[in-house]
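Thanks for coming. I will go through two spots in this model, one after the other.

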Amino acid sequence: MRASPALSVSLTIPLPLASTRTRFFTETLRLKQHVSDTQTFSRPVPLVSKQPPSIRWTFSCKCRNIGRNSHAKFDDEGEDFIVVNFYRFVSIQDPSAEIAKHLSFLQDLNIRGRIYLNEQGINAQYSGPSKDALAYVEWLKEDERFSDILVQMSPAIGRHAFPKLKLQNKPSLVQYEGGISHLPLLDPPMRAKPLEPSEWKEKLKELTDDDGEASPSDCGRSCILLDVRNGYEWDVGHFRGARRPEVDCFRNTSFGLSDEKEAPSDPLINVDKENTDILMYCTGGIRCDVYSTVLRQRGFKNLYTLKGGVSHYLEEEGTSEWVGNLFVFDSRLSLPPAAYSNSTVDEESRITPQTPVDTSFARCYICDSQVEELRHRNCANLDCNLLFLCCAECVVDLKGCCCSDCITAPRLRPVLHGVKRYEKWHVYRDS
C-alpha cells in the first residue's frame, strides 16, 4: 500500500505543540504545523490556555510512482481526460474515517482536484483519465448515501485541469461569510425546491418576454431570476433575463439581507416574500442550495433552484434561454455549451462543436468593445492579478495588463496567449 503522489490531507486536531516526525507507509512523511491561537500579548508571558490550540496537519508524502520530474508516472498515454463534479449534503458522522476510506481507494488513481468532506457531506471537483475518474464515481455510489448522486462530466483540455489532489476535512464545503456549518443544509425542506432542466426551461419562457427581458409570469405571480454566481462568471455567459450579480466572491453574497439604503441594486429589496417565486441558478447547484437556506431563514417562501446547475441544463436542454459560455473554476476557465452536448436534445436546441457561441453581450474590461473570446485572463502584474475579459487589441496595447498603471509594475509577467495559465512567479523572475 502506498500513498498517492501530489496528495495532501488536512485534519484539524487539538495537540500540544511539538516538533514531530513520523513514518507513513514506510516512507518519510513531512508534517507542517498551522497553529491557530486567538491570544495576543503586549509582553512575553508564559503560554497558558484552557484549551490546546488547534493545529492543522497537512500530510504530504512521496511514493515509488514518482519520476525524476516529481510527477507521478501513469500508463495513461492516449486516454481521454475528463473533469468530474458532484456534491451531496448528507450526514457524515466521522469525516476523518471517511477521508481515510477515500484516500485508500484513490492512492493508485491518476486523479487531481479538490475533494472536501465534513459532517455535512461532500463537494468534489477533479480531473483524470476517464477510467480512473469514473472508477471513483462507481466506488462512491456503492455507498447508499451516494447511490443516486448527480455527477457532472466535461472534457478536459489536454490533460489535468488541476495541479494536484487535495482531499481535506474542510470546515465549509463552500466558502461563505460566517461559514455554513450552522445552516440547516441536511433538512431538504429548508433548501430551495429543485427543478428539472425541462421544468426550468418552461419557467424561463414564462418569465421572459420576446426581447429576452424579465417580466411577470403569466400565472399572475411575481418571479425573479437570480444568478447566485459572481459577476465575472455572468460576464462570459448567463440565462437571458438574469441581472449581473454585483459580487466577485460568493462569500460576500447578500441578496435579500440588506435594506434599500445599503444595497439599492439588490433584486430582492422590498420583495413580497410570501408571493414571489425566486428562481436561483449557479454552475453546479451547491451555491444555490447553501444560499436558499439563508433566504429561507429570512422568510422567503417560494424558492426554486436549477437541479444540477447550468452544466446539467446545457446537457439536457442545450442552449435554449442561455447565452455565452460557462465559467468553470479550474484551468480551463471557460467552456462552450458544446462541451456538455447531449444527442437526445431536441433539434432546435442541439449544439455541436461547430455551433457558434453568442458573444454579442460580452465587453472588454478596458475599452468596452465587444470581445470575441469568452475567456478571462489574469492581469500580467502579479501584484494585481485581476481576472478580466479583454479584446485582442487591448491585450497587445497594455501588454496583458488591466490598466496603464500596471504596465510599469515591478513584478510584470509576459503576455499569455491561448489557454495558457500563469505559473509561479519564480519561473518568470529567474528566466
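Arg 375 is in the loop that runs between strand 17 (334–335) and strand 18 (377–378). Helices (H or I, at least four residues) and strands (E, at least two) are DSSP runs, numbered from the N terminus. This is a predicted model, where local features need pLDDT of at least 70, side-chain atom pairs count only at pLDDT 80 or more, and totals for chains, interfaces and linings use all residues. Residues are numbered from 1 along each chain as its sequence is written, and side-chain values use heavy atoms, with hydrogens and water left out.

Is Arg 375 buried or exposed? Its relative accessibility is 11%, so Arg 375 counts as buried. Buried means under 20% relative accessible area, exposed over 50%, and partly exposed in between (1.4 Å probe, protein chains only). A polar atom of the Arg 375 side chain lies 3.1 Å from the backbone oxygen of Ser 331.

Now to helix 2. Ser 130 is found in this helix, which covers residues 130–141. Ser 130 is partly exposed, at 25% relative accessible area. Leaving out residues up to four places away in sequence, Ser 130 touches Glu 79, Asp 80 and Ile 82 (contact means heavy atoms within 4.5 Å).

Which residues of helix 2 are buried? They are Asp 132, Ala 133, Tyr 136, Val 137 and Leu 140. These cover an arc of only 140° around the axis, so they sit on the same side of helix 2; the arc is that of the directions from the helix axis to the C-beta atoms. Their cover includes strand 5 (81–89), helix 1 (95–106), strand 6 (112–118) and strand 7 (121–129).

How values were computed
Polar contact = N/O pair within 3.5 Å; in protein donor to acceptor, adjacent residues only side chain to side chain.
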